[in-house]
Every structure is written in structure tokens, then in C-alpha cells.
Amino acid sequence: MLALLDNGQDLDTCAAEIGGEVGQLLTPLTRYRLRDPNRPWAIDNGGFKNLDVPGLLSLLKREEHHREKCLFVAVPDIIGSSQRTLELFQHFRPMLNGWRLALVCQDGQEHLPIPWGQIAAVFIGGSTKWKCSEHVTQIIKTAKLFGKHTHAGRVNDPMRWNHFEALGVDSADGTGLARYSHMRCAIAGRHEQHDLLKQELTA
């Protein structure tokens with residue numbers, strides 16, 4: 001699973017620490033420059049903290065010449081409300097014409113239609129309880145059958161990383177992963193931790 005990091009750190013060092021491929025996640029919150037357009041990259045709207053619509057549109061304008069290589073742009077969303085998020089999706093979609101769009105799935109999305117024909121990706125947001133539910137597993141399975149990119153947000157620990165990796169999710173991000181070496185190293189060591197736990201349980 002690809003780790004998309006919103007940081008200004010050396011990405012080769014981050015890849016070595018996490019033990020896998022890393023790319024860049026751009027947001028209007030941090031406004032880091034795209035350092036290597038040949039690496040996988042995407043744009044998050046930053047709405048988990050504070051949705052800055054002018055900042056997002058400015059970021060898209062800045063990176064417009066690279067957009068063919070962008071995995072997805074997370075369309076503005078409302079945390080915890082799939083209904084309001086779908087309304088925002090339809091409102092902002094014309095402004096994001098030409099970009100590969102991701103619908104940010106929020107709690108309750110299982111009861112509402114996903115505009116599969118208008119998106120390139122699903123971004124798993126929502127509450128911690130919901131995002132690890134069977135509802136989300138079914139959304140991911142459906143997205144993969146439709147050939148859509150699947151991304152999970154707020155994946156900061158080995159247990160959650162393993163959960164989404166086992167589901168075949170394509171990429172993930174997390175503030176902790178982006179900021180801290182020890183959290184990336186924990187992901188790299190997750191298999192050793194699992195083996196150790198198995199040994200303790202069978203001892």
C-alpha cells in the first residue's frame with residue numbers, strides 16, 4: 001500500500017523508514033511544493049481541520065500543469081455527514097473539471113448512492129468506528145470492481161495499516177506518518193510485531 005505524505009521531509013528517507021513506496025499528498029493547509037512529479041501524488045482538501053476553499057482552488061491552479069499525473073483530488077466534504085458531502089461534491093465538481101476526483105466517504109454513505117461515473121477514486125474518511133466497519137469494506141470492494149483508486153485517511157498505526165492493506169486499498173495517509181519517523185518505522189516493523197505476538201500467544 002502506497003503511503004501519501006504531507007510533509008517537507010526527504011521522501012527517500014521516509015520510504016526507507018516505512019519499508020515501502022511513498023508519494024506526496026498536497027493540501028491547502030501546508031502548501032508544500034510538489035517536489036517530484038514522477039512520484040505518485042494526490043491532493044487532499046484539508047477539510048478535516050479547516051476547509052479552505054480559496055486555498056484549495058489556488059493549489060489546484062498552481063499544480064495544473066502536472067494534473068495528468070495526479071492520482072486524485074479529494075472534493076470538499078463535511079466530516080461525519082455523507083448527505084452533506086454529496087451535496088458539496090455536486091457543487092464543486094464543475095470547478096474541478098479536468099482533475100481526477102475522489103468522493104470522501106463519510107458515515108452513512110452505505111445508505112446513499114455513490115456517483116461512480118463522476119469519480120476516479122474513493123477516499124475513506126468518516127469516524128474511526130465507521131471507517132473500520134463492514135459498510136466500508138463493501139464500498140472498497142465495489143470501488144475495486146469498478147476500477148477506482150481506493151484511499152484511506154488517518155492511517156497512523158500498524159493495526160489500521162494492516163486492516164486496509166488486507167482489503168487491497170491502494171494508498172493511505174496519516175498526520176502521524178507524515179510527521180514522525182518512529183510512526184513510519186512502526187509500520188515497517190508491523191510483521192515482526194505480529195510474529196512476536198503470535199509467539200507470545202502460543203508460548
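**View 1. The whole protein and its surface.** The accessible surface of the protein comes to about 9,900 Å², and 54% of this belongs to carbon and sulfur atoms; such areas come from the Shrake-Rupley method with a 1.4 Å probe, and for residues only the protein chains shown count as cover. Please keep in mind that this is a predicted model, where local features need pLDDT of at least 70 and side-chain atom pairs count only at pLDDT 80 or more, while totals for chains, interfaces and linings use all residues. Residues are numbered from 1 along each chain as its sequence is written, and side-chain values use heavy atoms, with hydrogens and water left out. Along the principal axes, the C-alpha atoms fill a box of roughly 60 × 40 × 30 Å. You can look for nine helices and eight strands, which are DSSP runs numbered from the N terminus (helices: H or I, at least four residues; strands: E, at least two).

View 2. Buried residues make up 49% of the 203 residues; buried means under 20% relative accessible area, exposed over 50%, and partly exposed in between (1.4 Å probe, protein chains only). A nonpolar core is a set of buried Ala, Val, Leu, Ile, Met, Phe, Trp, Tyr and Cys residues joined through side-chain atoms within 4.5 Å. The largest one has 45 residues, and Val 22, Ile 43, Trp 99, Cys 105 and Trp 161 touch the most other members. A second, separate core of ten residues includes Leu 2, Leu 4, Val 104 and Phe 123.

**View 3. Around Cys 105.** Beyond its neighbours within four places in sequence, Cys 105 is in contact with several residues, among them Ile 114, Val 122, Phe 123, Trp 130 and Ile 139. Contact here means heavy atoms within 4.5 Å.

**View 4. Helix H3 and its buried face.** In H3 (residues 82–92), Ser 82, Thr 85, Leu 86, Leu 88, Phe 89 and Phe 92 are buried. Seen down the axis of H3, the buried residues fall within an arc of 160 degrees, so they line one face of the helix. Their cover includes helix H2 (53–62) and strand S5 (101–105). At the N-terminal end, Ser 81 caps H3, with a side-chain oxygen 3.2 Å from the backbone nitrogen of Arg 84.

**View 5. Gly 176 and its partners.** Gly 176 sits in helix H7 (residues 175–179) and is buried, with a relative accessible area of 8%. Leaving aside neighbours within four places in sequence, Gly 176 is in contact with Asn 156 and Met 183. The C-alpha atoms of Gly 176 and Asn 156 are separated by 5.6 Å, although these residues are 20 apart along the chain.

Definitions and conventions. Arc of directions from axis to C-beta. Polar contact = N/O pair within 3.5 Å; in protein donor to acceptor, adjacent residues only side chain to side chain.
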